[in-house]
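Trainee: Before we start, could you take me through this model feature by feature, giving the general idea and then the case at hand?

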Amino acid sequence: MSYSLNSKQVAEASALWLTKRGVTMEDMAELTYFLQKDYYSNLTMDECRESVEQVLGKREVQNAILTGIQLDVLAEEGKLFSPLQEMIENDEGLYGCDEILALSIVNVYGSIGLTNFGYIDKIKPGLVGRLNDKSGKHKHTFLDDIVGAIAASASSRIAHRKQQEKESTQT
């Protein structure tokens, strides 16, 4: 029997796992709004939600979500081999694979996505900060960066669309 990929199942699984890990569309839209509100006075939460939905619809993003969350869950369950177990469980400072996986998301959206990701990763606002908090039972070594990358990508998408709107009214 040959392998057959069902894209709908992948999309549904990534959405389900985000929900299971406490990530809502609203939280990601708020992060997106946070990143773009100073640049567009007429920006709405609906635009931010729509942009996040479009980012989440991309297969590369779904792959990163599924991979990162599974590694986080395996680390919580102590099922990784040492020293990887300890590195992911403790979000080791020199372990940068979590950021690299997140960069696979922002690479789809260009340099604005990259700079937004760096900013959100540094200041950790809202949901990113809550996911980064290591005091609870969950270890979101990958998910905090993935959520930041989704918001950064949605922000980049908004910036590009706003520029297109501006240019179309100037002609």
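Mentor: Let us begin with the nonpolar core, meaning a set of buried Ala, Val, Leu, Ile, Met, Phe, Trp, Tyr and Cys residues joined through side-chain atoms within 4.5 Å, where buried stands for under 20% relative accessible area, exposed for over 50%, and partly exposed for what lies in between (1.4 Å probe, protein chains only). The largest such core here has 36 residues, and Val-147 and Ile-150 are the ones that touch the most other members. Two or more residues each come from helix 2 (25–36), helix 3 (45–56), helix 4 (59–76), helix 6 (97–106), helix 7 (110–123), helix 8 (126–132) and helix 9 (143–170), the helices being DSSP runs (H or I, at least four residues; strands are E, at least two) numbered from the N terminus.

Trainee: Which helix gives the largest share of this core?

Mentor: Helix 9 does, with eight residues. A word on the basis: this is a predicted model, in which local features need pLDDT of at least 70 and side-chain atom pairs count only at pLDDT 80 or more, while totals for chains, interfaces and linings use all residues. Residues are numbered from 1 along each chain as its sequence is written, and side-chain values use heavy atoms, with hydrogens and water left out.

Trainee: How should I read aromatic pairs?

Mentor: A pair of aromatic rings is described by the distance of the centres and the angle of the planes. Rings of Phe, Tyr and Trp (its six-membered ring) pair if their centres lie within 6.5 Å, and planes under 30 degrees apart count as stacked, over 60 as edge-to-face and the rest as tilted. The structure holds two such pairs. Phe-34 and Tyr-119 are stacked, at 6.3 Å centre to centre with 10° between the planes, and they link distant parts of the chain, since Phe-34 belongs to helix 2 and Tyr-119 to helix 7, 85 residues apart.

Trainee: Why does Phe-34 count as partly exposed?

Mentor: Phe-34 counts as partly exposed because its relative accessibility is 27%, and Tyr-119 counts as partly exposed at 43%. The other pair is Tyr-95 with Phe-142, whose ring centres are 6.1 Å apart with the planes at 80°, so the pair is edge-to-face. Tyr-95 sits in the loop between helix 5 (84–89) and helix 6, and Phe-142 in the loop between helix 8 and helix 9, 47 residues apart; both Tyr-95 and Phe-142 are buried.
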